[in-house]
Amino acid sequence: MRDELVLKPDAGTQAVVAGVLALAGAGLVAAVVLGPAPTVLAWVVGGVFGPAVVLACAAVRTRIVVTDDAIVRQGVFGRRTWERGRAVRTVRAHLASTVEAEGQGDTVFVLDARGRVLFRVAALHYTRDGLDRLVAALGVPCDAVEGPVSAKEFDRTHPGLVSWVEKHPYRLIAVVAGVLGAVALAVAGAVLALGA
């Protein structure tokens, strides 16, 4: 019988993420309230950042457990279990597109026999040492990608492992900015119409 691995997120990193989100959200809300923008935008900003802070705090309770028979991933919203034998290969890469501090772009993809992702784990939540221990505990071949790579570059050599959003972050930002701009204009128009 092998030793059971219980991998927990780095609490310090999660606290920093939650703190940064809380400060950014509070700063934006204050800017909206103190500035000329309609006050309803403060609720929109709070509605985006509030849940993000709660999720960052709740992520501390997540974990990955590897036993002789199973791999269990306890997430914020639920639990997934796979037979240990379904994991046949891992791919480890440093995705440069990830918002990161030093060493936090490392990601491990755990793949099944068809090359599909069972799950992925990023050093944004877990330490690099934790990722090393996960790869060792799984005991399957690991394809380590050299150096930092963009999601687009990574997709060329390992197609289908990263999402469209990761490969096209600027398109997503443009879409979100456009939607938020349209909402702000609609709210401002409504406020002006009510004031007229």
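## Basis

A salt bridge is a side-chain nitrogen of Lys or Arg within 4 Å of a carboxyl oxygen of Asp or Glu. The model is predicted: local features need pLDDT of at least 70, side-chain atom pairs count only at pLDDT 80 or more, and totals for chains, interfaces and linings use all residues. Residues are numbered from 1 along each chain as its sequence is written, and side-chain values use heavy atoms, with hydrogens and water left out.

## Salt-bridge network

The structure holds six salt bridges. R92, D106, R128 and D132 are linked in a network of such contacts. Helices (H or I, at least four residues) and strands (E, at least two) are DSSP runs, numbered from the N terminus.

Burial is stated as relative accessible area: buried is under 20%, exposed over 50%, and partly exposed in between (1.4 Å probe, protein chains only). R92 is buried at 14%, while D132 is partly exposed at 42%.

The side chains of R128 and D106 form a salt bridge with an N to O distance of 3.0 Å. Here helix α3 holds R128 and strand β6 holds D106, 22 residues apart. R128 is partly exposed, at 44%; D106 is buried, at 6%.

D112 pairs with R86, the closest N and O atoms being 4.0 Å apart. D112 lies in the loop between β6 (106–111) and β7 (117–122), and R86 in the loop between β4 (79–83) and β5 (89–95), 26 residues apart. D112 is buried, with a relative accessible area of 8%, and R86 is partly exposed at 37%.

## Second largest pocket

A pocket is an open set of points on a 1 Å grid over the protein atoms alone, where a 1.4 Å probe fits, with protein on both sides within 12 Å along at least five of seven lines; lining residues have an atom within 4 Å of a point. A volume is the space filled by probe spheres set on the points, which are joined across faces, edges and corners. The second largest pocket has a volume of about 240 Å³.

Its lining consists of L28, V32, L41, V44, V45, V48, F49, L180, V183 and A184. Two or more of these residues come from each of α1 (11–34), α2 (40–58) and α6 (169–195). The most come from α2, with five residues. By class, the lining has ten nonpolar, no polar and no charged residues. Ala, Val, Leu, Ile, Met, Phe, Trp, Tyr, Cys and Pro count as nonpolar, Asp, Glu, Lys and Arg as charged, and the others, Gly among them, as polar.
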